[in-house]
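Open the structure in your viewer and have the selection tool ready. Each stop on this tour tells you what to pick next and what you will find there.

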Amino acid sequence: MALVLHSGSTNKNAYKALIVAEYIGVDVQLVKNFEMGVSNKTPEFIKMNPIGKVPVLETPGGPVFESNAIARYVARLKADNPLFGASLIEYAHIEQWIDFASLEIDANILHWFIPRIGFAVYLPPAEEAAISALKRALDALNTHLASNTYLVGHSVTLADIVMICNLVLGFNRILTKSFTSEFPHVERYFWTMVNQPNFRKILGEVRQTESIPPVQSAKKPSQPKEPAKPKSKAELKKEVKKDLVPPKVEGSGEEEEAPKPKAKNPLDLLPPSKMILDEWKRLYSNTKTNFREVAVKGFWDMYDPEGYSLWFCDYKYNDENTVSFVTLNKVSGFLQRMDLARKYAFGKMLVIGSEPPFKVKGLWLFRGQEVPQFVIDECYDMELYEWKKVDINDEAEKERVNQMIEDYEPFEGEALLDAKCFK
């Protein structure tokens, strides 16, 4: 008999068993008409998994829940397949990477993603910690894949299937190209795997998200409705009178109030500027040599002091920057939270010093003459910095702008630990 998998058709945890089934040639079928929140609450489902989670695999020997256990079960249905490796040490490494994919990759993607879509309380420090842990994991994975096509051995194993299924949610929903470009070997591995026939048959065409989802408020559980109270005679009479009121005649002049248009960002109401921000960003990105002569000169040729303003920012608590990777993650988190201003801003953030404590300094170009209020309101990092408007008539300040755009080193007499760009 065919094995029946109880899950929705887009559940990345269900993909694991379905892809395994394609590789070893067994029949695993998704249950028909599965509805999350309904099908998994029935008494029949609760008998298979007491806590009502999906997926659950229905087998002749009884139900199996937990997606990695289900994938292992399906992979064991045929003994002569390579999904568990060719030796004991390969098997151990496969299990190693399955645990890594679950505990280091999947868990941190979910800790970042779930609060943003309102299914958990959003806490910026918790998000920053999740992003930091995820980057640490992806960096380790990237190092391994620099000299390996697959996680273990020379062909697809169960470790690759679990890893890719965990990464799919990230690439689809929250890991933008600007984020994953820091891990080129992971990118190569991911796109190679998802385009393998057995993966593609289950996953379909995979597309990478272009933006990080905005933060939504946590969803509250619906409250049970109180039973309706019997109506009094007086209330019943009122309802009868209401029903006798003639309906409003169309075109009578009594129209419902039209929905109010969404308020425009105040920066969109400013007079047009001769500076086209996207043109500057393209020039910056495409200049590979003679940066001072091409990009920096081009910036001042484009710059419109009436339509834009330049700002220096200095981190207030540099004495706390005693660990390099924590400092770098702090800056990366700031830039990610600035995503709401991408249409109106360009920025450079420098982490300065060869030894701790490290200094964090930045240069920002904003539409308008002030730091945008909506950025101050929405991005809590803003209050962690001292902000000073650049006086472009001051040659010393103008040269400082040039050096920050250029990543000039040494900067103010010190080495650069890192330079990040917001564009």
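Start by selecting Glu412, which is partly exposed at 45% relative accessibility; buried here means under 20% relative accessible area, exposed over 50%, and partly exposed in between, with a 1.4 Å probe and protein chains only. Residues are numbered from 1 along each chain as its sequence is written, and side-chain values use heavy atoms, with hydrogens and water left out. Keep in mind that this is a predicted model, where local features need pLDDT of at least 70, side-chain atom pairs count only at pLDDT 80 or more, and totals for chains, interfaces and linings use all residues.

The term covers a side-chain nitrogen of Lys or Arg within 4 Å of a carboxyl oxygen of Asp or Glu. Glu412 sits in the loop between helix H15 (395–406) and strand E9 (416–422), while Arg400 belongs to helix H15, so the pair ties together parts 12 residues apart in sequence. Helices (H or I, at least four residues) and strands (E, at least two) are DSSP runs, numbered from the N terminus. Arg400 is buried, at 17% relative accessibility.

By this rule, the salt bridges come to 21. For another one, select Glu95 and Arg72, whose closest N and O atoms are 2.7 Å apart. This pair links distant parts of the chain, with Glu95 in helix H4 (residues 88–116) and Arg72 in helix H3 (residues 67–75), 23 residues apart. Glu95 is buried, with a relative accessible area of 15%, and Arg72 is partly exposed, at 24%.

Next, which residue forms a salt bridge with Arg337? Select Glu127: the closest N and O atoms of the two are 3.9 Å apart. Arg337 lies in helix H13 (residues 324–337) and Glu127 in helix H5 (residues 124–145), so parts 210 residues apart in sequence are tied together. Arg337 counts as buried at 8% relative accessibility, and Glu127 is buried at 3%.

Finish at the open sheet, where four strands run in the order E2-E1-E3-E4 with mixed pairing; two strands pair if DSSP finds at least two bridges between them. At the edges are E2 (28–30) and E4 (62–65), each pairing on one side only. Strand E3 (residues 56–59) pairs with E4 in the antiparallel sense over four bridges. To see one of these, select Val56 and its bridge partner in E4, Phe65.
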